Amino acid sequence: MGEAAADVMRLEGITRDFGEGEARAQVLRGVDLTLRRGEFASLMGPSGSGKSTLLHIMGLLDRPTGGRVLLDGQDTGRLDDDGLTRCRGRTLGFVFQFHHLLPEFTALENVMIPMAADRGRFDPSMRECAQALLGRVGLLARAEARATTLSGGQAQRVAIARSLAMNPKVVLADEPTGNLDTHTADEVFTLLREVNQAQGVTFLVVTHDRRLAERTDRIIEIVDGRVVSDERRGAR
Amino acid sequence: MRFEWFIAIRYLREGKAQTALVLGGTTVGVAVLIFLTALISGLQRSLVSQTLSAQAHVLVKAPERVARPLPSDATTADHVEKVPDRIRSIEQWQQVLKALPAIPGVIAATPTAAGAAFASRGPATKSVALRGIDPESFAKVIDILPRMKSGRFALEGAEAIIGSTLASDLGVVVGDKIRITTPEGRGDVFTVAGTFDIGNKEVNARWVFIPLRSAQTMLDIPGGATTIEVKVDEIFEAERVAREIARRFGLGADSWMELNQQLLVGLRSQSASSWMIQGLVVLAVALGIASVLGVSVIQKSREIGILKATGTSTGAVQRIFLLEGALVGGAGSILGALIGSAMAIAFAGLARNPTGEPLFPVDLTPGLYLGASAVALLTGTLAAWFPARRAARLEPAEVIRYG
Ligand SMILES: Nc1ncnc2c1ncn2[C@@H]1O[C@H](COP(=O)(O)OP(=O)(O)OP(=O)(O)O)[C@@H](O)[C@H]1O
Ligand SMILES: [Mg+2]
């Protein structure tokens with residue numbers, strides 16, 4: 001039981017095929033991976049190695065061809081689409097490479113959307129909560145700004161605030177700093193780290209930047225759809 | 001605010017050009033619907049009411065001795081001018097008159113003794129349709145009081161009420177005397193008590209009302225009545241009422257519908273073509289909404305993916321797009337109703353009869369607005385159905401993959 005409680009997410013023999021017949025390609029070839037509660041892990045690997053595919057499966061955005069995804073000990077394979085959506089909304093947060101904010105909405109509204117989607121309505125309490133989150137990422141001043149008017153770094157901060165909206169257990173970030181200059185990338189990475197330490201949220205961050213990966217607790221590397229190295233690090 | 005409403009309204013507000021396009025299309029569609037229906041039903045109503053201005057809804061008469069003629073033999077003008085070869089009275093018409101109100105749908109009935117005659121004053125002689133009536137009950141069946149041009153609609157002793165055209169043909173005014181003679185040679189002098197303009201040239205030029213008793217004497221049917229004219233509460237029920245009267249009393253009974261076959265056929269084909277136009281308008285609006293929403297779903301697929309990735313259920317995504325269709329349909333129906341009514345009213349005001357009634361009357365009824373709104377709302381929602389399904393089925397992983 002102690003083991004299960006320490007593991008927030010567990011992948012067992014995950015495979016993922018794309019295409020049919022001749023064009024069939026196995027992108028993930030049996031991935032076993034466990035994320036421990038509160039850890040800050042990075043995922044590295046060459047382009048096309050399957051990092052995003054893996055992240056989407058972990059994020060319940062995609063179903064594996066084979067294998068199981070266990071979230072807090074629960075097998076998510078049994079859930080229907082709405083069950084997955086609810087589970088995803090309540091336990092997982094996402095940060096994407098291209099911030100993926102909704103352009104029609106303000107920064108604040110973007111942060112409120114996961115809460116409102118879950119509750120089915122907008123409450124005044126959500127506004128306060130979203131303001132607090134924007135405060136956390138240092139963007140309270142831009143709360144009412146349209147998403148499209150934010151700089152890349154600012155947008156990524158809002159996306160981080162949004163990923164935390166539902167108080168997730170795990171945040172999955174796919175190259176969150178991939179589109180930012182070195183300085184801004186450092187800042188955003190530092191912010192993720194702070195959230196991880198302050199709230200004990202588990203992070204899995206995909207990055208191509210060895211220098212940033214060195215700042216995490218654990219570096220997982222995949223090549224050709226297989227985990228080739230998984231290195232836990234004492235110091236950060 | 002409901003989550004789906006918030007998102008749908010924001011999408012509509014932000015997609016200005018697209019929203020304006022569908023809204024404009026829906027508005028024009030509903031406006032056309034309202035305008036066309038109001039105009040056509042107004043025209044039809046006025047056609048019918050004009051036809052019925054001098055005609056009872058049901059005409060009861062002595063039974064035909066031969067089989068009843070096929071309805072197609074009857075023509076509009078016939079009724080007004082038809083003079084039976086031999087004038088026959090309805091047997092025991094007083095009892096029939098008394099029993100008629102018991103028939104469902106009948107609201108008034110009046111006896112008439114009608115026949116052909118000549119009216120003359122000095123050298124001027126005109127052939128006329130003589131109608132002996134009881135003014136009081138007659139006015140309940142035919143709405144003649146508002147159509148009086150001069151004098152009054154009452155007959156005391158040897159008085160006559162004549163059509164305005166006949167009055168000017170003979171050169172008489174109220175108070176003048178005219179001589180009325182039947183083909184059989186019976187004649188009498190009547191004082192003109194009033195003139196009417198019923199909006200029908202034939203009637204205005206030929207009809208002469210005299211007291212029932214005088215007509216009975218002149219037409220040589222003592223105490224008789226050639227027809228009983230009946231008013232019903234629902235004009236399109238007249239045929240049913242006529243059949244019921246014929247069945248119960250063994251008399252001949254013709255509804256106005258039977259006597260105006262051509263008019264009815266005309267009305268029906270007019271309605272049919274109007275329905276077709278409206279169907280096409282609705283179809284065009286539906287296709288417009290569906291295609292614009294379809295494009296917006298494709299444009300928004302990335303955002304739909306994000307919504308789904310951040311906890312928006314498939315059902316909620318579908319509802320967002322259905323709502324967009326319904327909102328556009330709803331707003332379009334309000335705007336379209338306003339514009340359509342304004343157009344109809346303006347059109348009605350364009351031309352007026354000498355009497356001040358619009359030449360093109362329009363019928364703007366609550367039912368019409370309700371119907372048009374329901375159609376617009378339904379069209380909007382149904383048209384949004386396929387785009388909404390498409391949106392709901394998008395796989396978040398697919399659309400998020402590449403920025
Ligand atoms: N929906 C799909 N259909 C077909 N092939 C796919 C699909 N999604 C991913 N792939 C293939 O799977 C492989 C892995 O893709 P993935 O995006 O996971 O790589 P990645 O490690 O994230 O690469 P990058 O570092 O460039 O983001 C690629 O060869 C890609 O073409
Ligand atoms: Mg990737």
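**Notes on the predicted model**

1. I begin with B:E14, which is partly exposed, with a relative accessible area of 24%. As a caution for everything that follows, this is a predicted model. The side chain of B:E14 meets that of A:R146 in a salt bridge, with an N to O distance of 2.9 Å. This pair crosses between chains: B:E14 belongs to helix α1 (residues 3-14) of chain B, while A:R146 sits in the loop between α5 (124-136) and α6 (152-163) of chain A. A:R146 is also partly exposed, because its relative accessible area of 28% lies between the limits of 20% and 50%.

2. Which residue of chain A meets the side chain of B:R10 in a salt bridge? The partner is A:E109, at 2.7 Å from N to O. In total, the rule finds three salt bridges across the interface of chain A and chain B, and six residue pairs are in polar contact between these two chains, counting pairs with both residues at pLDDT 80 or more.

3. On the side of chain A that touches chain B, the elements giving two or more residues are α2 (51-58), α3 (81-91) and α4 (107-119) of chain A. Of these, α4(A) gives the most, with five residues. Sorted by class, this side of chain A has 14 nonpolar, seven polar and eight charged residues.

4. As to extent, the contact takes 29 residues from chain A and 27 residues from chain B. The size of an interface is often given as the accessible area lost when the parts come together. For chain A and chain B the buried area is about 2,600 Å², and carbon and sulfur atoms give 61% of it. Three residues, A:H100, A:E104 and A:F122, supply 22% of the area that chain A buries against chain B, which is more than any other three residues supply.

5. The largest nonpolar core has 87 residues, and those with the most contacts inside it are A:L134, B:I7 and B:F321. Helix α13 (residues 314-350) of chain B makes the largest contribution to this core, with nine residues. Apart from its neighbours within four places in sequence, B:I7 is in contact with A:F105 and A:I113 from chain A, and with B:L307 and B:I320 from chain B. There is also a second, separate core of 49 residues, which includes B:W93, B:A113, B:I180 and B:I210.

6. Is B:T226 buried or exposed? With a relative accessible area of 9%, B:T226 is buried, because the value falls under the 20% limit. Its place is in the loop between α8 (212-219) and β9 (227-232) of chain B. A polar atom of the B:T226 side chain lies 2.9 Å from the backbone nitrogen of B:A114. Leaving aside neighbours within four places in sequence, B:T226 is in contact with a set of residues of chain B, among them B:V60, B:K61, B:A62, B:I87, B:R88, B:T112, B:A113 and B:I221.

7. Over all chains the structure holds 36 salt bridges. Side chains of opposite charge can pair when their charged atoms come close. In chain A, A:E231 forms a salt bridge with A:R233, and the closest N and O atoms are 3.7 Å apart; A:E231 is partly exposed at 37% relative accessibility, and A:R233 is partly exposed with a relative accessible area of 22%. In chain B, B:E237 forms a salt bridge with B:R240, with the closest N and O atoms 2.7 Å apart. B:E237 is partly exposed, with a relative accessible area of 33%, and B:R240 is partly exposed, with a value of 38%.

8. A network of salt bridges links A:D7, A:R10, A:E12, A:R68 and A:D75. A:R78 has its place in the loop between β5 (74-75) and α3 of chain A. At 69% relative accessibility, A:R78 counts as exposed, because the value is over 50%.

Note on methods:
Residues are numbered from 1 along each chain as its sequence is written. Chains are lettered from A and ligands numbered from 1 in the order in which they are written. This is a predicted model: local features need pLDDT of at least 70, side-chain atom pairs count only at pLDDT 80 or more; totals for chains, interfaces and linings use all residues. Side-chain values use heavy atoms; hydrogens and water are left out. Helices (H or I, at least four residues) and strands (E, at least two) are DSSP runs, numbered from the N terminus. Buried means under 20% relative accessible area, exposed over 50%, partly exposed in between (1.4 Å probe, protein chains only). A polar contact is a pair of N or O atoms within 3.5 Å; within protein, one must be able to donate a hydrogen and the other to accept it, and residues adjacent in sequence count only if both atoms are side-chain atoms. Contact means heavy atoms within 4.5 Å. A nonpolar core is a set of buried Ala, Val, Leu, Ile, Met, Phe, Trp, Tyr and Cys residues joined through side-chain atoms within 4.5 Å. Buried area is the accessible area (1.4 Å probe) that two parts lose on being put together, summed over both. A salt bridge is a side-chain nitrogen of Lys or Arg within 4 Å of a carboxyl oxygen of Asp or Glu. Ala, Val, Leu, Ile, Met, Phe, Trp, Tyr, Cys and Pro count as nonpolar, Asp, Glu, Lys and Arg as charged, and the others, Gly among them, as polar.
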